[in-house]
Amino acid sequence: MGKDEVRQELRALVNEVLPELGEVDMDVDITKEYGINSISIIKLIVEAEGKFGVKFTDYELALDDYPTFGDLAAVIKEKVDKLED
């Protein structure tokens, strides 16, 4: 799965899990631009685990680790790549 595909699928997942955000920019600060909080990011990560077939550790659930949706997509891409190896 390529980087652009992961970003596109994550964008669709954000729209599904957090529809109130509308169309999102993957490269802006999610706390400042969209008001994302710890609960929102955990909900999104849990859904991403199911969609992409990856697992996040408890230590990887911190909002500070993902300033943008693009940063989250990059981590998901790394995890997907490890599964494909």
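How many aromatic pairs does the count come to? In this predicted model, the count comes to two aromatic pairs. The views below show these pairs and two other sites.

**View 1. The ring pair of Tyr 34 and Phe 69.** The ring centres of Tyr 34 and Phe 69 are 5.9 Å apart, and with their planes at 35° the pair is tilted. Tyr 34 belongs to helix 2 (residues 30-34) and Phe 69 to helix 4, so the pair ties together parts 35 residues apart in sequence. Tyr 34 is buried, at 17% relative accessible area. Phe 69 is also buried, at 0%.

**View 2. The ring pair of Phe 56 and Tyr 66.** Here the planes stand at 75° and the centres 6.5 Å apart, so the pair of Phe 56 and Tyr 66 is edge-to-face. Both residues lie in the loop between helix 3 and helix 4, ten residues apart in sequence. Phe 56 and Tyr 66 are buried. Lys 79 lies over the face of Phe 56, at 4.9 Å from the ring centre.

**View 3. The surroundings of Val 54.** Val 54 is found in the loop between helix 3 (38-52) and helix 4 (69-84). Its relative accessible area is 4%, so Val 54 counts as buried. Beyond residues up to four places away in sequence, Val 54 touches Ala 48, Glu 49, Lys 79, Val 80 and Leu 83.

View 4. Arg 7 sits in helix 1 (residues 3-17). Its relative accessibility is 18%; under 20% counts as buried, so Arg 7 is buried. Setting aside neighbours within four places in sequence, Arg 7 contacts Met 26, Asp 27, Gly 70 and Ala 73.

Conventions. Residues numbered from 1 in each chain as written. Predicted model: local features only at pLDDT ≥ 70, side-chain atom pairs only at ≥ 80, totals over all residues. Heavy atoms only, no water. Helix = DSSP H or I, 4+ residues; strand = E, 2+ residues; numbered from the N terminus. Buried < 20%, exposed > 50% of the residue type's maximum accessible area, 1.4 Å probe, protein only. Contact = heavy atoms within 4.5 Å. Phe/Tyr/Trp six-rings, centres within 6.5 Å; stacked < 30°, edge-to-face > 60°. Lys NZ or Arg CZ within 6 Å of the ring centre and 35° of its normal.
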